Amino acid sequence: MAAASDLPHAVCVELARAAVANGAQAYAEPAAVERALQFRRTLLSPVINATGVLLHTNLGRAPLAFAHPPQAINVEFDLSSGERGSRQQAVGGLLATLCAAEAAMVVNNGAAAVLLVLAALADGRQVLVSRGESVEIGGGFRVPDVMEQSGAQLVDVGTTNRTRLGDYSKALARKAADVALILKVHPSNYRIEGFVEDTPVAQLATLDVPVVADIGSGLIDANCPWLSGPPPAWLAGEPAARQSLAAGAALVTFSGDKLLGGPQAGIIAGRADLVSACMRHPLARALRPGGHVLFALQQLALSYLDRTAATVVPFWQMASSSIDDLAVRAHRLVSAAGIGEVVASEAIPGAGSAPGTVIPSVAVSVAGDRLAGLRAAVPPIIARTRDGATLLDLRSVHPSDDGHLAAALAAL
Ligand SMILES: *Cc1c(COP(=O)(O)O)cnc(C)c1O
């Protein structure tokens, strides 16, 4: 069995033991081989994302272009002085330049960024949040719960659908008010439509309390200077780090692996005194990222700064492929596979970014539900069904994987 699956012996013994405990004959082939192969499929491995969800949280969000070399790196070592340095300095500096912020730092994910900001700047004090932004983002990130963990006290302002500047100033004027921050949260994975109103950062910044904007998605600059054309239509309305800070936010927080297209990380950028207070807080040590994350973020930041991000960051490659290119690939794929037809499709950015918007796309459609068969391919292909057909959306597939798709379709 070990030979058949090339799994370590100890793992095979464990699988056999579990099978015997369930009444099976330990080494009865081929059931044992089947068990080993099944176990193999529980291991982390590369897959082909043909769902059309470009940032698929179950598939690791942004595919990562930058790997850490198998060598020591100067994560916390100052090469000039030969003394201990700060792991935040290099990457923090580049990210600050990107967002036009005074300073920036990196933690493990977006949730950690919000937690640290609240703990460092508002422990034991009040934080104003619009009732329309007291949201759950998915995967257990709930604004009231994070607030509670941080030691800050949530003060709800306004209503679910409409919150005006006056609602915030009324809360600030209360007798017992001890407001440390105003937190503005991007509702990310949903959108309220109709009779709605929220208060933009620029208005909140006129009040006498620092405004923290949790923009979540990690769009660095609404003008997308790294793209050759204008910003794509599907990005309209998505808050951006640079513009939020320019509008007067004291800090922004966002994820590294959403629209930024990098590794799992959380970024805090803005006023230097506030970023330093976050760095000095004891939680910062518990939430600090590893060198491999910092290295990848550094390379990513450099690619944005020299405007090569559109060609080297997988997310922006996927997002900016033209419909014509996708159609050419789809037709080629269908003729190579001898099965399927080319159809129009709608991809989405995913990971709660730009909710409600779609990116026009092209898919190969095959009749029936073929999801299980495609998942069994090597590498596994993750697709979706629509109206009784299986769709392979090419926008989320790297062109170098088209051959795998053709082979898997031909084998169906
Ligand atoms: C995604 C998101 C988070 C959580 O970020 P993670 O990197 O998933 O921890 C927090 N706030 C907002 C607004 C988000 O969109």
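The following legends describe close-up views of a predicted model.

The model is predicted, so local features need pLDDT of at least 70 and side-chain atom pairs count only at pLDDT 80 or more, whereas totals for chains, interfaces and linings use all residues. Residues are numbered from 1 along each chain as its sequence is written, and side-chain values use heavy atoms, with hydrogens and water left out.

**Figure 1. Residues around the ligand.** The ligand is surrounded by Arg61, Asn109, Gly110, Ala111, Ile137, Phe141, His186, Ser188, Asp214, Gly216, Ser255 and Lys258; a residue is near a molecule if one of its heavy atoms lies within 4 Å of it. Three residues of this shell are nonpolar, six are polar and three are charged. In this division Ala, Val, Leu, Ile, Met, Phe, Trp, Tyr, Cys and Pro count as nonpolar, Asp, Glu, Lys and Arg as charged, and the others, Gly among them, as polar.

Figure 2. A polar backbone atom of Ala111 lies 2.9 Å from an oxygen atom of the ligand. From the side chains, a polar atom of Ser255 is 2.7 Å from a ligand oxygen, and an N or O atom of Lys258 is 2.8 Å from an oxygen atom of the ligand. The ligand taken alone exposes 380 Å², of which the protein buries 92%; accessible areas come from the Shrake-Rupley method with a 1.4 Å probe, and for residues only the protein chains shown count as cover. Two or more residues of the shell come from each of the elements α5 (110-122) and β7 (211-216). Helices (H or I, at least four residues) and strands (E, at least two) are DSSP runs, numbered from the N terminus.

**Figure 3. Aromatic pairs of Trp234.** The whole structure contains five aromatic pairs; rings of Phe, Tyr and Trp (its six-membered ring) pair if their centres lie within 6.5 Å, and planes under 30 degrees apart count as stacked, over 60 as edge-to-face and the rest as tilted. Trp234 and Phe315 have ring centres 6.3 Å apart and planes at 85°, so this pair is edge-to-face. Trp234 belongs to the loop between β7 and α9 (241-246) and Phe315 to helix α14 (residues 314-320), so the pair ties together parts 81 residues apart in sequence. Trp234 is buried at a relative accessible area of 6%, and Phe315 is buried at 0%; buried means under 20% relative accessible area, exposed over 50%, and partly exposed in between (1.4 Å probe, protein chains only). Trp234 also forms a stacked pair with Trp316, with 6.3 Å centre to centre and 25° between the planes. Trp316 is in helix α14, so its pair with Trp234 ties together parts 82 residues apart in sequence. Ring pairs link Trp226, Trp234, Tyr304, Phe315 and Trp316 into a cluster.

Figure 4. The whole structure has zero disulfides, a disulfide being a pair of cysteine sulfur atoms within 2.5 Å. The sulfur of Cys99 is 13 Å from the closest cysteine sulfur, in Cys224, and is therefore too far for a bond. For Cys278, the closest cysteine sulfur is in Cys99 at 14 Å, again too far for a bond. Cys99 is buried at 0% relative accessibility, as is Cys278 at 0%. Ala119, in helix α5, is buried at 6% relative accessibility.

Conventions:
A polar contact is a pair of N or O atoms within 3.5 Å; within protein, one must be able to donate a hydrogen and the other to accept it, and residues adjacent in sequence count only if both atoms are side-chain atoms.
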